[in-house]
Amino acid sequence: MNKPLTIVGGGLAGLALGIGLRRQEVPVTIYEAAHYPRHRVCGEFVSGRGQQFLERLGVSSLLAAAGAVPARTVAFYSPRRSSPVGSLPSPALCLSRWQMDAQLAARFRELGGDLQEDRRVDPATTSEGWVRANGRRPAGEGPGPRWFGLKIHARNVPLVADLEMHVSPRGYVGLCRVEQGEVNVCGLFRRDSLDASPTTAGRQLLMGPPDSILRQRLAGAEFDESSFCAVAGLALAPVPAASRAEVCVGDAITMIPPVTGNGMSMAFESAEQAVDPLVAWSQGRQTWAATRREIAQGCDGQFARRLFWARQLQRVILHAPLQDALVGMVGWQSWLWRLAFAGTR
Ligand SMILES: Cc1cc2nc3c(=O)[nH]c(=O)nc-3n(C[C@H](O)[C@H](O)[C@H](O)COP(=O)(O)OP(=O)(O)OC[C@H]3O[C@@H](n4cnc5c(N)ncnc54)[C@H](O)[C@@H]3O)c2cc1C
């Protein structure tokens with residue numbers, strides 16, 4: 001008889017882990033503080049090895065049926081300079097979190113998982129059989145500057161590449177097509193960029209500086225106000241999984257700078273790292289301490305290098321005096337950003 005597992009948080013990491021465990025007949029309960037579907041602040045651009053885990057979980061076809069859009073090309077912009085359109089070293093997948101989380105939740109339930117919505121539980125529970133998948137840690141933990149994220153969906157945005165990345169001295173905004181002809185407009189900004197109320201000032205930040213290419217791109221946009229959301233107090237200093245007292249997956253371990261478009265992949269990859277050790281614990285073949293150690297070592301081995309490079313990348317692209325030159329360089333030194341892409345995957 002398999003011992004049951006409890007997962008705190010039904011975001012991407014928690015749901016992917018729950019599906020992986022249910023496929024091996026492990027009894028799983030997920031407590032989710034919110035409900036489905038709902039909008040989340042996210043670039044909605046899945047890039048990296050986590051896509052293969054979705055394939056192995058058998059959910060890629062569900063996401064495709066929900067309208068996931070492949071992304072193959074990319075272009076970079078500073079307020080006044082643009083790079084040529086290039087191809088992504090490997091294709092990405094774009095789907096709203098509204099759809100993605102809801103599809104995974106439905107699949108988890110189909111497999112017999114117990115998903116309790118609108119149930120916030122104490123994430124600090126460290127007892128055996130509890131996994132922490134409750135996303136980013138509260139602000140105040142760790143060194144480094146604080147960030148906030150904003151997102152809104154829009155129609156009538158004429159993109160020239162599947163992913164457009166617009167950098168400015170205050171942060172960056174990514175644009176990509178998601179399902180049903182909508183474009184996701186999502187940005188990350190330094191906390192000190194917000195000098196008025198988050199809703200009005202936030203919208204101005206998402207639109208880009210006056211006269212910028214981003215502002216021109218969004219000039220005729222019809223925004224879906226119901227999709228607007230914000231998240232504050234993001235800390236992006238990397239933390240090793242081995243330093244966490246609990247079994248953690250996804251952002252509950254640490255957050256990678258969103259500029260990489262790799263956070264969701266890391267959520268899926270960490271879930272994959274956790275499945276076999278948790279099955280072994282559930283079947284009584286391994287202690288909880290050994291299970292926690294194995295998962296943490298697996299995640300640190302897989303993520304340490306990309307967390308390092310992601311941090312350097314974010315520092316460089318947010319260094320205002322370099323932004324025009326960097327965007328210009330992408331055109332004639334495409335190997336440079338391909339190297340950055342590879343380093344953060
Ligand atoms: C501005 C921005 C842009 C981004 N863009 C991208 C991108 O383009 N590509 C990419 O791959 N990644 C991106 N990311 C990162 C990505 O969103 C995260 O890495 C990913 O959502 C992590 O998944 P998760 O399941 O760990 O956490 P989440 O998706 O945050 O899920 C955690 C869940 O836990 C629930 N929860 C929290 N506390 C409790 C509790 N006490 N009890 C019960 N439930 C609880 C929450 O409601 C939530 O549903 C971006 C992030 C930001 C901030």
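How do the residues of the shell around the ligand divide into nonpolar, polar and charged?

Modeller: This is a predicted model. The shell around the ligand divides into 21 nonpolar, 13 polar and four charged residues. In total, 38 residues surround the ligand. The closest are Gly11, Gly43, Gly135, Gly250 and Gly263. Several elements give two or more residues to this shell: α1 (12-22), β3 (45-46), β11 (183-190), β12 (222-235) and α7 (263-282). Helix α7 provides the largest share, four residues.

Start with α7, then. Helix α2, residues 50-57, packs with α7 at an angle of about 55°. Their axes are 7 Å apart. The crossing of α2 past α7 is left-handed. On the α2 side, the contact uses Gly50, Gln51, Phe53 and Leu54. On the α7 side, these meet Met264, Ser265, Met266, Ala267, Phe268, Glu269, Ala271 and Glu272. By class, the residues of the contact of α2 with α7 are seven nonpolar, three polar and two charged.

Now take α1, another element that gives two or more residues to the shell. Its partner here is helix α4, residues 97-110. The axes of α1 and α4 come within 9 Å and cross at roughly 25°. The two helices are therefore roughly parallel to each other. Here too, α1 passes α4 in a left-handed crossing. From α1, the contact takes Leu12, Leu15, Ala16, Gly18, Ile19 and Arg22. From α4, it takes Asp101, Leu104, Ala105, Arg107 and Phe108. The residues of this contact divide into seven nonpolar, one polar and three charged.

Last, the sheet. Five strands form an open sheet in the order β6-β2-β1-β7-β13, with parallel pairing. Strands β6 (114-116) and β13 (247-248) stand at the edges. Each has a single partner strand, so one side of each is left without a neighbour in the sheet. For β13, look at the pairing with β7, residues 130-132. Two bridges join β7 to β13, and the strands run parallel.

Definitions and conventions: Residues numbered from 1 in each chain as written. Predicted model: local features only at pLDDT ≥ 70, side-chain atom pairs only at ≥ 80, totals over all residues. Near = placed C-beta within 6 Å. Nonpolar A, V, L, I, M, F, W, Y, C, P; charged D, E, K, R; others polar. Axes fitted to C-alpha atoms, helices over the stretch in contact; angles between N-to-C directions. Left-handed = near helix turned anticlockwise from the far one by under 90°. Contact = placed C-beta atoms within 7 Å. Parallel < 35°, antiparallel > 145°, perpendicular 65-115°, else oblique. Pairing = 2+ DSSP bridges.
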